[in-house]
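My plan is to look things up one by one and jot down what turns up.

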Amino acid sequence: QVQLVASGGGSVQAGGSLSLSCAASGLTVSCYSMGWFRQAPGEERVFVAAISRSVGMPFYADSVKGRFTISRDIARNTVYLKMNSLRVEDTAVYYCAAAVASWRGPYDYWGQGTQVTVSS
């Protein structure tokens, strides 16, 4: 059974940093494209970042490029999202997900989400 457990969310002031983790079980993160998405109140869930299967190439939404970094630790079977220079508009529930094929999706497995709140 596949499980993706996201953690690391919290509250931070604008300009601060947070690191999210997504611990996977039931799948091997290097064999899947792994992504982070976020959903702000009243809005649709949107793509934030992904790391491709095998090669591990990163991809980012324009809104987070240069501020967020996605990475993976194959030994720990965990994917990370390091978020720097956080803005109020980054406030959302962040979800990790796994796709069998392309980082573009569709995503087959989803975690439970972790709240990130950025205050001014």
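**Rings**

I searched the whole structure for aromatic pairs and got seven. For this, rings of Phe, Tyr and Trp (its six-membered ring) pair if their centres lie within 6.5 Å; planes under 30 degrees apart count as stacked, over 60 as edge-to-face and the rest as tilted. I took F37 and F47 to start with: their ring centres are 5.8 Å apart and the planes stand at 75°, so I wrote down edge-to-face.

The cut-offs: buried means under 20% relative accessible area, exposed over 50%, partly exposed in between (1.4 Å probe, protein chains only).

Next I looked at Y107 and W110. Their ring centres lie 6.0 Å apart with planes at 55°, so this pair is tilted. Y107 is buried at 12%, and W110 is partly exposed at 34%. Then I followed the ring pairs along and found that they join F37, F47, F59, W103, Y107 and W110 into a cluster.

A note on the model before I go on: it is a predicted one, where local features need pLDDT of at least 70 and side-chain atom pairs count only at pLDDT 80 or more, while totals for chains, interfaces and linings use all residues. Residues are numbered from 1 along each chain as its sequence is written, and side-chain values use heavy atoms, with hydrogens and water left out.

**A charge over rings**

Which rings does R45 sit over? I found its charged end over the ring of Y95, 5.0 Å from the centre. R45 also lies over the face of W110, at 3.8 Å from the ring centre. The rule I used: a charge sits over a ring if NZ of Lys or CZ of Arg is within 6 Å of the ring centre and within 35 degrees of the ring normal.

**Strands**

I traced an open sheet of four strands, in the order β1-β3-β8-β7, with antiparallel pairing. Two strands pair if DSSP finds at least two bridges between them. At the edges are β1 (3-7) and β7 (68-73), each pairing on one side only. Neighbouring strands in this sheet are turned by 15° against each other on average, direction ignored. Here axes are lines fitted to C-alpha atoms, for helices over the stretch in contact, and angles run from 0 to 180 degrees between N-to-C directions. Between β1 and β3 (residues 18-25) I noted five bridges, and L4 has A24 in β3 as its bridge partner.

Then I turned to β11 (residues 114-119). Its covered face has T114, V116 and V118, and its uncovered face has Q115, T117 and S119. β2 (residues 10-13) runs parallel to β11, joined by four bridges, and S11 stands opposite T117. β9 (residues 92-99) pairs with β11 in the antiparallel sense over three bridges; there V93 has Q115 as its partner.

S30 sits in the loop between β3 and β4 and is buried at 16%. Leaving out residues up to four places away in sequence, S30 touches R53, S54, R72 and I74, where contact means heavy atoms within 4.5 Å.

**Salt bridges**

How many salt bridges does the structure hold? I got four, each one a side-chain nitrogen of Lys or Arg within 4 Å of a carboxyl oxygen of Asp or Glu. D90 bonds to R38 this way, with the closest N and O atoms 2.9 Å apart. D90 is in the loop between β8 (78-83) and β9, and R38 is in β4, 52 residues away. Both D90 and R38 are buried. R38, R67 and D90 form a network of salt bridges.

I also logged K65 with D62, at 3.1 Å between the closest N and O atoms; D62 is exposed at 66%. For D73 and R76 the figure is 3.5 Å. D73 is partly exposed at 24%, and R76 is exposed at 60%.

Note on methods
Helix = DSSP H or I, 4+ residues; strand = E, 2+ residues; numbered from the N terminus.
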